[in-house]
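Good morning, colleagues, and thank you for making time on the agenda.

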Number of protein chains: 2
Amino acid sequence: MNIIAVLKALSNEKRLKILQWLKEPKKNFTSSHCDVETDGVCVGLIEEKIGLSQSTVSQYLMLLQQAGLINTERRGQWTYCKRNEKTIKELIKSLEML
Amino acid sequence: MNIIAVLKALSNEKRLKILQWLKEPKKNFTSSHCDVETDGVCVGLIEEKIGLSQSTVSQYLMLLQQAGLINTERRGQWTYCKRNEKTIKELIKSLEML
DNA sequence: AAAGTATATCGGGATTTTCCGATATGTCAA
DNA sequence: TTGACATATCGGAAAATCCCGATATACTTT
């Protein structure tokens, strides 16, 4: 875990929001073609909810992934996103030791 | 606590380093005119150790203070800095709930 | 094969961050 | 009260971030 990359990824209102939403997929998203809880949340649903352009959302998700905060998986024509709790826990531990 | 401001303040190598150093003042700083443990660490000592210009260090410390991560106190011709553990704890709690 | 849908990538304008040197302010000591 | 020292503030160049529209890619359906 690169703590600076993680902190940078988190220090943006919109990206932090995405991560919050992904904590409770069922509460925050509804999909007709998958179960957001088990499959993950696809890019389009996030885009729709956050009010940013498709390209920006795609880039932000890439950034969150590179920081290790989410995992993405391509299945068919969709890319599903899930939180990566491991990195979040690591961050908290690092901050506790800080 | 403004979590975005705190995360932004932390997401810089140099500022994170300063906060780390302030965790153990005695281990990281030596002053001839005060006790770094009880009085705090003055700006010049940080400047000397971090290898940034005086103005940059002053600005970074101001930023850390505005984020609530440190407290500064002017005494005579020196400004002493201490970590504000309260904000750090609040941040960790916020991230645990995130 | 063509058209539609979902996502990724590219190029770039606007804004913010990084970091500096110059200068101002405040304090102490002679 | 002058000069030395500690710190704060100002103005700005360079780099990074934010966010977009246009376009490319990939898959699905017809």
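**Sheet and DNA surface**

In strand 3 of chain B, B:C81 is the bridge partner of B:T72. Please bear in mind that this model is predicted.

Let me place that pair in context. Strand 2 and strand 3 (residues 78–83) of chain B run antiparallel and are joined by six bridges. They belong to an open sheet of three strands in chain B, with the order 1-3-2 and antiparallel pairing. Strand 1 (41–42) and strand 2 (70–75) of chain B are the edge strands, each pairing on one side only.

I turn now to DNA strand D. Helix 5 of chain B gives the most, with five residues.

There are 23 residues around DNA strand D, and those that come nearest are A:S53, A:S55, A:Y60, B:G44 and B:Q54. Of the atoms of DNA strand D that come within 4 Å of the protein, 58% belong to sugar and phosphate. By residue class, this surface has 14 polar, six nonpolar and three charged members.

A polar backbone atom of A:S53 is 2.8 Å from a phosphate oxygen of DNA strand D. The side chain of A:Q59 places an N or O atom 3.2 Å from a base nitrogen of that DNA strand. Finally, a sugar or linking oxygen of DNA strand D lies 3.5 Å from a polar side-chain atom of B:W78.

Terms used. Residues numbered from 1 in each chain as written. Chains lettered and ligands numbered in written order. Predicted model: local features only at pLDDT ≥ 70, side-chain atom pairs only at ≥ 80, totals over all residues. Heavy atoms only, no water. Pairing = 2+ DSSP bridges. Helix = DSSP H or I, 4+ residues; strand = E, 2+ residues; numbered from the N terminus. Near = heavy atom within 4 Å. Polar contact = N/O pair within 3.5 Å; in protein donor to acceptor, adjacent residues only side chain to side chain. Nonpolar A, V, L, I, M, F, W, Y, C, P; charged D, E, K, R; others polar.
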